Amino acid sequence: MPLKESIENAQQKWGEAIVHIGEAPDWQEARNRAEAAASSLYVLDGSLLFCPTKASEIQFRPTAEGALSYFVGRNPRFPEDKGFALEPWTAVRFENTGIVPCGDAVLAMGNYFFRTTEGAEVKVEYSFGYVRDEHGDWKIQLHHSAFPYSPA
């Protein structure tokens with residue numbers, strides 16, 4: 001499969017996982033889904049560089065615990081987390097500005113859009129760095145996202 005298409009497939013899986021987490025019937029199931037998603041989508045060997053959109057107190061998350069807290073909240077070590085994936089979002093779409101191979105890794109940057117239950121889209125800027133796991137699947141090792149700049 002061509003590189004661009006394989007990264008777009010990884011992005012689609014990420015978006016579907018975020019929606020799936022938010023569709024859970026209760027928090028425990030959402031947490032289980034988030035844990036499975038993190039395990040299948042992120043590098044969790046201690047080398048993760050994760051800087052999520054809605055984090056300002058502890059904005060860098062190198063561990064699975066920090067990423068999981070961001071997605072579903074309820075972790076006293078990360079009190080600002082409310083559970084980004086619990087919104088719930090009904091769809092996620094990516095608009096890539098570029099997908100660039102870098103040795104054994106791939107960098108992708110652009111905007112992704114989260115659709116609310118009312119049908120509005122929330123635009124977020126992202127940069128993801130992907131590496132292949134032992135099975136040849138792309139996993140996210142670098143995740144940085146932010147709301148677009150808005151002058152006060």
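User: How many bridges pair β4 and β5, and in which sense?

Analyst: β4 and β5 pair over eight bridges, in the antiparallel sense. Pairing here takes at least two DSSP bridges between two strands, and strands are DSSP runs of E with at least two residues, helices runs of H or I with at least four, numbered from the N terminus. One caution: this is a predicted model, where local features need pLDDT of at least 70 and side-chain atom pairs count only at pLDDT 80 or more, while totals for chains, interfaces and linings use all residues. Residues are numbered from 1 along each chain as its sequence is written, and side-chain values use heavy atoms, with hydrogens and water left out.

User: Which residue in β5 is the bridge partner of tyrosine 126?

Analyst: That's serine 145.

User: And the hairpin of β4 and β5, how many residues lie between the strands?

Analyst: Five, and glycine 136 there takes a positive phi near 90°.

User: What about β3 and β4? How many bridges there?

Analyst: Eleven bridges, antiparallel. Asparagine 111 stands opposite glutamate 125 in β4, and alanine 108 has phenylalanine 128 in β4 as its bridge partner. These two strands form a hairpin too, with five residues between them, and glycine 119 in the turn has a positive phi of about 95°.

User: Which residue stands opposite alanine 108 in β3?

Analyst: Isoleucine 99. β2 and β3 run antiparallel, joined by eleven bridges. Their hairpin has two residues between the strands, with glycine 103 in the turn at a positive phi of about 65°.

User: Switching topic: how many residues are in the largest nonpolar core?

Analyst: It has 38 residues, and those with the most contacts inside it include Trp14, Phe71 and Phe114. A core is a set of buried Ala, Val, Leu, Ile, Met, Phe, Trp, Tyr and Cys residues joined through side-chain atoms within 4.5 Å. Buried means under 20% relative accessible area, exposed over 50%, partly exposed in between (1.4 Å probe, protein chains only).

User: Which element gives the largest share of this core?

Analyst: α1, with seven residues.

User: What is phenylalanine 114 in contact with?

Analyst: Beyond its neighbours within four places in sequence, its contacts include Trp14, Ile18, Phe84 and Trp89. Contact means heavy atoms within 4.5 Å.
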